[in-house]
Amino acid sequence: MNLKRTLQLGLVLLSGWLTGGLQADTNIFVPLSELTPGPDDKIISQVTATVLEQAHYSRHRLNNDYSSKMLDQYLKMLDPLHMHFLQSDLDGFELYRTKLDDLILRRGDTFAAYEIFARFRERLQIGRAHV
């Protein structure tokens, strides 16, 4: 598996619980105020990061370079056609470009993923209001 596929796998695992922001049975958005890191997110993110580093056959180190690629892939996954995020949003997310590895692996902090996803949801809601 190449680096791109490994990144995609990691992003799917890391963002998997974020899709809990949609209720599958009703397809109704959970209010943004309720879309916050849960008590299990710390351990889930740390285990996922450890598996990617130690158990995946490519053994990619989670470092600043990998962090940057994770951010790019996450943004691409959410907004592949660049229709939703504003430049100001992207500029704000730059804070996480070289910090995701430290936040996730060392602290189990998933706030960045929730913040980015919440902004995405806001932009979707604004877009729907104008249609």
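A surface patch, as the term is used here, is made of residues with over 30% relative accessible area and no salt bridge, in which like charges are joined within 9 Å and nonpolar side chains (Val, Leu, Ile, Met, Phe, Trp, Tyr) within 5 Å. A salt bridge, in turn, is a side-chain nitrogen of Lys or Arg within 4 Å of a carboxyl oxygen of Asp or Glu. The structure is a predicted model, in which local features need pLDDT of at least 70 and side-chain atom pairs count only at pLDDT 80 or more, while totals for chains, interfaces and linings use all residues. Residues are numbered from 1 along each chain as its sequence is written, and side-chain values use heavy atoms, with hydrogens and water left out.

The chain contains 6 helices and 0 strands, where helices (H or I, at least four residues) and strands (E, at least two) are DSSP runs numbered from the N terminus. Its order of elements from the N terminus is accordingly written α-α-α-α-α-α. Of the 131 residues in the chain, 40% are buried; buried means under 20% relative accessible area, exposed over 50%, and partly exposed in between (1.4 Å probe, protein chains only). Contact means heavy atoms within 4.5 Å. Among the contacts with a separation of 6 or more, 79% join residues 24 or more positions apart.

The surface comes next. The accessible surface of the chain amounts to about 7800 Å², and carbon and sulfur atoms account for 58% of this surface; such areas come from the Shrake-Rupley method with a 1.4 Å probe, and for residues only the protein chains shown count as cover. A nonpolar patch on the surface is formed by Ile-43, Ile-44, Val-47 and Val-51, which together have about 320 Å² of accessible area. Val-47 lies in helix H2 (residues 41–55) and is partly exposed, because its relative accessible area is 44%.

The interior can be approached through its nonpolar core, a set of buried Ala, Val, Leu, Ile, Met, Phe, Trp, Tyr and Cys residues joined through side-chain atoms within 4.5 Å. The largest such core has 22 residues, and Leu-78, Phe-85, Leu-100 and Ile-116 have the most contacts inside it. Two or more residues of this core come from each of helix H3 (64–78), helix H5 (100–106) and helix H6 (111–129). Apart from residues up to four places away in sequence, Ile-116 touches Leu-71, Tyr-74, Leu-75, Leu-78, Phe-85 and Phe-93.

Aromatic rings form a further part of the picture. A pair of aromatic rings is described by the distance of the centres and the angle of the planes. Rings of Phe, Tyr and Trp (its six-membered ring) pair if their centres lie within 6.5 Å; planes under 30 degrees apart count as stacked, over 60 as edge-to-face and the rest as tilted. There are 3 aromatic pairs by this rule. The pair of Phe-85 and Phe-93 is edge-to-face, because the ring centres are 5.3 Å apart and the planes stand at 85 degrees. Phe-117 and Phe-120 form a tilted pair, with 6.2 Å from centre to centre and 40 degrees between the planes. Phe-117 and Phe-120 are separated by about one helical turn, because they are 3 residues apart in helix H6. One aromatic cluster comprises Phe-85, Phe-93, Phe-117 and Phe-120.

Helix H6 also holds Arg-123, which is buried, with a relative accessible area of 17%. Beyond its neighbours within four places in sequence, Arg-123 contacts His-84, Leu-86 and Asp-89.
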